[in-house]
2 protein chains.
Amino acid sequence: MDIETLRSRAPDHWMTAAAIRTLTLDAVAAANSGHSGMPMGMADVATVLWSKHMKYDAAHPDWPDRDRFILSAGHGSMLLYSLLYLTGDPEITLEEIRNFRQLGSQTAGHPENTLARGIEVTTGPLGQGLAMSVGFAIAEESLRARFGKKLVDHHTWVIAGDGCLMEGVSHEAIALAGRQQLGRLIVFWDNNAITIDGSVDIADRVDQPARFAAAGWHVQEIDGHDPEEIDAAITAAKSDPRPSMIACKTHIALGHAAQDTSKGHGALTDGQQLIDAKEGYGWGYGPFEIPTEIKERWEGYGRRGAEDRTAWEERLAAASAARQAEFRRTFAGDAPKKLSATIKALKKQVSETQPKVATRKASEMVLEVVNPIAPETLGGSADLTGSNNTKTADLGVFDIEERKGRYIYYGIREHGMAAAMNGMALHGGIRPYGGTFMCFTDYARPAMRLAALQEVPTVFVMTHDSIGLGEDGPTHQPIEHLAISRATPNMRVFRPADVVETAEAWELALTAHETPSVLSLTRQGLPTVRTAHKTKNLTAQGAYVLAEAEGKRQAILLATGSEVSVALAARDRLQAEGIGTRVVSMPCWELFAEQDESYRRKVLPAGPVRVGVEAACGFGWDRWLCGERGREKKAGFVGMDSFGSSAPAEELFAHFGITAEAVAARVTALL
Amino acid sequence: MDIETLRSRAPDHWMTAAAIRTLTLDAVAAANSGHSGMPMGMADVATVLWSKHMKYDAAHPDWPDRDRFILSAGHGSMLLYSLLYLTGDPEITLEEIRNFRQLGSQTAGHPENTLARGIEVTTGPLGQGLAMSVGFAIAEESLRARFGKKLVDHHTWVIAGDGCLMEGVSHEAIALAGRQQLGRLIVFWDNNAITIDGSVDIADRVDQPARFAAAGWHVQEIDGHDPEEIDAAITAAKSDPRPSMIACKTHIALGHAAQDTSKGHGALTDGQQLIDAKEGYGWGYGPFEIPTEIKERWEGYGRRGAEDRTAWEERLAAASAARQAEFRRTFAGDAPKKLSATIKALKKQVSETQPKVATRKASEMVLEVVNPIAPETLGGSADLTGSNNTKTADLGVFDIEERKGRYIYYGIREHGMAAAMNGMALHGGIRPYGGTFMCFTDYARPAMRLAALQEVPTVFVMTHDSIGLGEDGPTHQPIEHLAISRATPNMRVFRPADVVETAEAWELALTAHETPSVLSLTRQGLPTVRTAHKTKNLTAQGAYVLAEAEGKRQAILLATGSEVSVALAARDRLQAEGIGTRVVSMPCWELFAEQDESYRRKVLPAGPVRVGVEAACGFGWDRWLCGERGREKKAGFVGMDSFGSSAPAEELFAHFGITAEAVAARVTALL
């Protein structure tokens, strides 16, 4: 259909949708950068969805039972900003639209959830929105099962582009959604056949509808500019028990000179072409001008859900006080009241019994006491349940017929798992954790970064965290992965030394509101090093003196995780030679860096020789060894400077020289 | 079919395949670790393939025109080791089989290509083998087009498991292979319906045959234990012009008490069960014992290709001396003779003309002169061709009907691209490079690590390498990505400051044999800083004095890439105040670390204040600031300590304080 036909067939719809197209053109022109084509292509779908189907109350973008709208094709951010502004979102004002892509605006180049409540997720890295949406849909199912349909009853809507569907993570996401039959998840594919390099065809000829059908999805194919087809498809999608994919045949940059071209994907800033496009739309208004009638129509759509929302508020108010409090607590992401006492009790017990267990097992011991008191946790593993020790007896398994189950078999999908967990955390009401081998941080990386950027407290349970993994060899032995997560802003990496520190790390992970946590856990058994019980969470300080020097303090050993016991053994050797040696356990660098200087100086005073011990690459260690009052000539590191090898773990530690003997020798060489 | 039936229907085949099964059982039992079930399940497929179809000469595992066998399900490494030992590979002896998973053996837990020539690839991280196989098949097509069928004419065979097919990268791989109609690629799916967590069904219900068909593959479904069905399917797959997937219904750990269970996936070490399994096989031999008849039969298979190989040697010998030399040069991975002079000429020219261009454009300038003299390069981009500047005029586009094309539109598949490039490099004869935004290092990570671990010189062209990317915002602005690649063993990260350093970096990348290179390139224009031409490749030293202090040397500024010109401008300010300031350009940390101490001391002498400048996180910088004769009290860093933001680039540099003014102020504060 040409524009003339589209205009004449549904004139009201046309002008309503044109508001999105023209705002996009104006904002991109003002910013002189951005992506015009996608919002212009998908304006019709978005208009039908937001005007007729989506459940929301524009004035209350954080209503917990709203439908979630996820723009997986995040480069088309002006679509979202237009919708928010037009419907009356309290934050995305016309001023923000005018400041598109400018410093300090809420209308960033790609949507950023931390900038405005109406922005559900941060998207842009392709496929992530789609993969997170699976987590949103799981969260909705789980919470509906927990709190009932009166309080939780909504859909998750996604707009995904060709890029989203080419990215590998899309496979993990749609397979997981299909397996779990997430019927409240509805994905629109912006089938515009154009990517940056040219027509999609030059790189991809996958039959996408067939692919989604193979994954267990309900699939429809429609003209993405025909409001009636869009409306009918949405209605059908909602009534189907499967997740739905609606393939919307669209024209990128509809009505612009760049329509149906790669150029149309990017910033359309030519003044005359902009004027011509608006003329073609029958849009006789100035830049950023939305005629009152159309703005009011949009605001009407934005108020459509107001009654629903107030009815929902009433239903919540009618619930018992305890139920209300619990609902609010979980959505606020606050930890259960009993958490602190539960952790303390476990710490006390293990400081007394001093078990020798792997920290992955320690993690399971923590979860065994935490999961029963924290109904908001939702655990899982990427097919390493028995190895990651992530499943506790009480959880049950989340499945099609058992939405109350709190454990997910994610399959061999580290990336999809990590992204889904982010989605759950963003949805609210769920505190997700999931396990894999630490080496597969690599697979989960794009989503782990987005956890940090989106400021969600996702917990990544990363076991088998060094050459201690043993015979599986270098493909499975992390070397650089602690450094990778430590280098990432707003991420906390915990490498606990025993059950006590593991419990403390979990407490911090479960009370975090805006920071994801990586738990670095061993495969191999470790002795209890915190044998004297302290109620205080020492891990919260990041590093602390675990064993003080006897006599003159000549050396400080800094160690994490499995190497803390190595450092303690080295201290024994050194003290036996009369060399006063302090051992500092450093379970969380980031938290230590946040401590004030007087505390840091107390832990790491100037003067003594310092040797760091960690079965990982030394990248980043100089901060603690040469920095923080240290000196290069008195600093050493015992760890890895290559990939690992396939052999029994104990042999590897000897082979790579990560032993108490080697640490002691390094100290004496530096004295 | 039960084992009795299988045995009686094809007794010779049965015993031949049983050799794989029993070697696997014995090796895993001896190691007390490993994965027994997969080799036991896929022994029949492997036997038919290696005995009847695969082109190889066991005595010459590095024959360039051999078929490639890729065990994507790398945990089943004993399948590969068994095949190599049985057919007479010169390296994988019985002694190696006995030393399975022991320190120093060639039979690591997962196959490692660097340990024996008969091991084509390093696998274990699931999906990687499948994704690399696409690169192998592309390399074969490309080299066949270049050198002709007489010299290049072989297949790529893959065994993939459920895990490989769940991983997202499998989607990118099969979509790319389908798009390119790589008919010489044949994948066996070990459809055993079992994963570590239980039956596949608990996590995945994708219709895999339908999924492959949707991606343009030829698909067959067979009984993976029936030698006749296997044989017929292979024959059909070879004759189909599409890539082929053969779904092989198998029983994991066939014939063992743990058959068809998750336990069967892992290490089967129970003594009595092992004996029982062998008895069921009709295998009356001791541990590691292969009866002469069966060993000879296997060795006969291993010699099947000997004639083919000698005929091939003759064909190569019959080619012109120049053609032979070129064939050998490209397969040896040696750079073209003209490379050095070509790079020097470009350096000289730009030192004179001093263009102000982005280093991504500089990279294109290098490729424009290098690609015409290096026919082994095969470039591409993950749908950012115009942004990554990876396509030069002479390359042509690799496509179904144009296998001579040397540029690949990889689509929005950073991970698949990186893995495919590794495959090409491992195949030999191709020097692959591919581009994306540096931030999407995250997507490519699993394959980038495998490039380093496999010691292949893949070139990762990572543009838009800082907040200099501008308005696209923090989702697209790398912060920790330099640290990620620098922390990885055996990886070189080049961050050139101008065209001259970019040319030097490319020269080093293209002459590397065993080390991948990351080129960190800017979006924004940079001045030429190397204005005095030197024929010597200064980047090869990793860091060097770019501008010496005038007067007493009070400060040293260390900078990389786009911040070298910031450091130079800061130096101007400081010198104007009479503060003698040296600027050290550090395009490659790893190469600088390899220099002897006397050179490093010359570049970074003790004494002066040191300030590092890099528009990235400071993680890792303390090595050069506080280490290497530095002192914490005289050290500073100007860079990023958070995620970036969406705004024009210049505003971001000012906002985050990465300016000449800030650098100069930091120096004076430290003096």
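How many salt bridges are there between chain A and chain B? The count is ten, where a salt bridge is a side-chain nitrogen of Lys or Arg within 4 Å of a carboxyl oxygen of Asp or Glu.

Before going on, some ground rules. This is a predicted model, in which local features need pLDDT of at least 70 and side-chain atom pairs count only at pLDDT 80 or more, while totals for chains, interfaces and linings use all residues. Residues are numbered from 1 along each chain as its sequence is written, chains are lettered from A and ligands numbered from 1 in the order in which they are written, and side-chain values use heavy atoms, with hydrogens and water left out.

Back to the interface. On chain A, 102 residues are in contact with 102 residues of chain B; contact means heavy atoms within 4.5 Å. About 8000 Å² is buried between chain A and chain B, and carbon and sulfur atoms give 59% of that area. Buried area here is the accessible area (1.4 Å probe) that two parts lose on being put together, summed over both.

One of the salt bridges joins Glu480(A) to Arg449(B), with 2.9 Å between the closest N and O atoms. The rule also finds 50 residue pairs in polar contact across the interface of chain A and chain B, both residues at pLDDT 80 or more. A polar contact is a pair of N or O atoms within 3.5 Å; within protein, one must be able to donate a hydrogen and the other to accept it, and residues adjacent in sequence count only if both atoms are side-chain atoms.

Which helix gives the largest share of the side of chain A that touches chain B? That is helix H19 of chain A, residues 441-454, with eight residues. Helices (H or I, at least four residues) and strands (E, at least two) are DSSP runs, numbered from the N terminus. The residues on this side of chain A divide into 43 nonpolar, 32 polar and 27 charged.

Arg445(A) sits in helix H19 of chain A. Is Arg445(A) buried or exposed? Its relative accessibility is 1%, so Arg445(A) counts as buried; buried means under 20% relative accessible area, exposed over 50%, and partly exposed in between (1.4 Å probe, protein chains only). Beyond neighbours within four places in sequence, Arg445(A) is in contact with residues of both chains, including Ile484(A), Arg445(B) and Glu480(B). The side chains of Arg445(A) and Asp442(B) are joined by a polar contact of 3.0 Å.

Now the whole structure, where a search over all chains finds 86 salt bridges. Asp226(A) pairs with Arg9(A), the closest N and O atoms being 3.1 Å apart. Asp226(A) lies in the loop between strand S6 (218-223) and helix H10 (227-239) of chain A, and Arg9(A) in helix H1 (residues 3-9) of chain A, so the pair ties together parts 217 residues apart in sequence. Asp226(A) is buried at 7% relative accessible area, whereas Arg9(A) is exposed at 52%.

In chain B, Arg523(B) and Glu471(B) form a salt bridge with 3.8 Å between the closest N and O atoms. Arg523(B) is partly exposed, at 35%, and Glu471(B) is buried, at 11%.

Last, two strands. S12(B) has five of its five residues buried. Val459(B), Val461(B) and Thr463(B) are buried on one side, and Phe460(B) and Met462(B) on the other. In a regular strand the side chains alternate between the two faces of the sheet. Strand S11 of chain B, residues 431-437, runs parallel to S12(B), joined by five bridges; two strands pair if DSSP finds at least two bridges between them. Phe437(B) stands opposite Thr463(B).

In chain A, strand S20 (residues 635-640) has five of its six residues buried. Strand S19 of chain A, residues 609-617, pairs with S20(A) in the parallel sense over five bridges, and Cys617(A) stands opposite Met640(A).

Technical notes:
Nonpolar A, V, L, I, M, F, W, Y, C, P; charged D, E, K, R; others polar.
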